[in-house]
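Entries follow in the order I made them.

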Amino acid sequence: MVLNGAGTPLEQLELPDPEAGPGQVRLDVHACGVCRTDLHIVDGELAEPKLPLVPGHQIVGTISELGAGVTSFEQGQRVGIPWLGWTCGSCRFCTSGRENLCERARFTGYTIDGGYAERAVADERYCFPIPDGYPDLQAAPLLCAGLIGYRALTLAGDARRLGLYGFGAAAHIICQVARWQGRRVFAFTRAGDDASQQLARTLGAEWVGSSSDRPPEPLDAAIIFAPVGALVPAALAAVDRGGSVVCAGIHMSDIPAFPYELLWEERVLRSVANLTRKDGEEFMSLAPTIPVETEVTVYPLREANEALDHVRSGRAVGAVVLDVTAK
Ligand SMILES: [Zn+2]
Ligand SMILES: [Zn+2]
């Protein structure tokens with residue numbers, strides 16, 4: 001399923017099979033998660049995709065071809081491909097444990113063809129083994145919603161009272177991790193989103209409300225997963241002195257002006273960008289320990305446009321995933 005230009009539907013095309021170059025593997029794709037970032041790309045809010053582009057950066061598949069020099073993986077092994085697809089290894093960010101900020105980074109399903117396809121090619125350094133026991137469709141959301149959510153949770157520090165703004169694909173995973181870590185979770189959804197509120201309660205949130213509500217007590221940190229700038233002052237108002245607000249999305253509507261007192265008393269406002277391989281390795285080993293279980297709505301690959309619309313509508317409960325093996 002190919003994006004030819006911003007603001008146009010994806011087109012179903014037959015393309016030649018990609019070949020694994022040196023250091024690359026080719027996957028037979030089984031499943032690919034649909035991320036809100038895919039929408040930002042399709043809608044032109046992330047303005048520099050390669051075109052034409054195969055979107056999708058939460059890819060699960062088995063290796064069907066090894067490029068020259070590949071040593072980390074074997075034929076037939078099941079792996080996942082995340083958003084970060086390539087880094088230079090030599091810039092000041094790469095050499096200081098911050099490859100997520102690499103100045104020359106390339107991204108799966110944005111500047112590299114992704115997983116809305118039957119076959120995909122990836123750099124072996126940016127593939128993660130998928131833990132046994134996870135079905136393909138349930139594993140796919142771990143690769144971005146899970147991974148980048150996990151990085152956001154880590155940046156929330158040791159916050160015990162944690163607010164999650166926007167209870168979709170990422171929050172429903174991170175709620176499980178946070179509860180397992182012994183944190184208390186307060187979930188904020190759009191007003192009237194009863195299905196997501198119910199899911200939050202089931203997954204252990206002790207309080208659930210709409211994003212304009214004040215929590216019953218101050219929070220130690222809040223993670224904003226919804227791409228809504230107005231949530232920034234709302235979340236700052238909900239966190240206690242010294243608390244953090246972490247913006248986990250790659251794109252957000254403008255943040256409205258707010259009084260300095262919302263930031264005063266050493267509140268911290270920060271964003272999260274991309275992931276490192278270390279995040280991926282940590283999270284993919286943690287997920288089966290908890291174990292994280294993902295709630296997914298499944299579409300066949302050819303209905304990728306409908307799947308994107310489902311995410312756009314905000315009606316999705318949990319994560320949306322393309323089943324590439326479905327006919
Ligand atoms: Zn994503
Ligand atoms: Zn770099």
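I count a contact when heavy atoms lie within 4.5 Å. I worked on a predicted model, where local features need pLDDT of at least 70, side-chain atom pairs count only at pLDDT 80 or more, and totals for chains, interfaces and linings use all residues. Residues are numbered from 1 along each chain as its sequence is written, chains are lettered from A and ligands numbered from 1 in the order in which they are written, and side-chain values use heavy atoms, without hydrogens and water.

**Entry: Cys127.** I looked up its contacts, leaving out residues up to four places away in sequence. Cys127 touches Val25, Phe73, Val79, Gly80, Ile81 and Ala122. I found Cys127 in the loop between β6 (119-123) and β7 (128-129). Helices (H or I, at least four residues) and strands (E, at least two) are DSSP runs, numbered from the N terminus. Cys127 is buried, at a relative accessible area of 5%. My cut-offs are under 20% relative accessible area for buried, over 50% for exposed, and partly exposed in between (1.4 Å probe, protein chains only). Arg78 is 49 residues from Cys127 in sequence, and 9.7 Å away in space, C-alpha to C-alpha.

**Entry: zinc, ligand 1.** Which residues coordinate the zinc ion (ligand 1)? I found Cys35 (SG), His57 (NE2) and Cys144 (SG), at 2.0 to 2.2 Å. Donors are N, O and S atoms within 2.8 Å of the metal (3.2 Å for Na, K and Ca); water is not among the atoms, so sites may look incomplete. The donor spacing along the chain is C-x21-H-x86-C. Cys35 sits in the loop between β1 (24-34) and α1 (36-42), and His57 in the loop between α1 and β2 (59-66), so this pair ties together parts 22 residues apart in sequence. Both Cys35 and His57 are buried.

**Entry: zinc, ligand 2.** Here the protein donors are Cys88 (SG), Cys91 (SG), Cys94 (SG) and Cys102 (SG), 2.3 to 2.4 Å from the zinc ion (ligand 2). Why do I call the arrangement tetrahedral? The four donor atoms subtend angles of 103 to 116°. Four donors count as tetrahedral if all angles lie between 85 and 135 degrees. The spacing reads C-x2-C-x2-C-x7-C. Cys91 and Cys102 are buried.

**Entry: Asn100.** I placed Asn100 in the loop between β4 and β5. Asn100 is buried, with a relative accessible area of 3%. Setting aside residues up to four places away in sequence, Asn100 touches Arg151, Ala273, Asn274, Leu275 and Thr276.

**Entry: helix α6.** Six of the eight residues of α6 (residues 231-238) are buried. They are Leu231, Val232, Pro233, Ala235, Leu236 and Ala238. The cover includes β8 (161-165), β11 (219-224), β12 (239-247) and β13 (268-271).

**Entry: rings.** I found seven aromatic pairs. Rings of Phe, Tyr and Trp (its six-membered ring) pair if their centres lie within 6.5 Å; planes under 30 degrees apart count as stacked, over 60 as edge-to-face and the rest as tilted. Tyr165 and Phe188 have ring centres 3.9 Å apart and planes at 5°, so the pair is stacked. Tyr165 lies in β8 and Phe188 in β9 (residues 184-189), so the pair ties together parts 23 residues apart in sequence. Both Tyr165 and Phe188 are buried. Tyr260 and Trp264 have centres 6.3 Å apart and planes at 45°, so that pair is tilted. Tyr260 and Trp264 are exposed. Ring pairs also link Tyr165, Phe186, Phe188 and Trp207 into a cluster.

How values were computed:
Four donors count as tetrahedral if all angles lie between 85 and 135 degrees; four count as square planar and six as octahedral if opposite donors are over 155 degrees apart and all others between 65 and 115; anything else is irregular.
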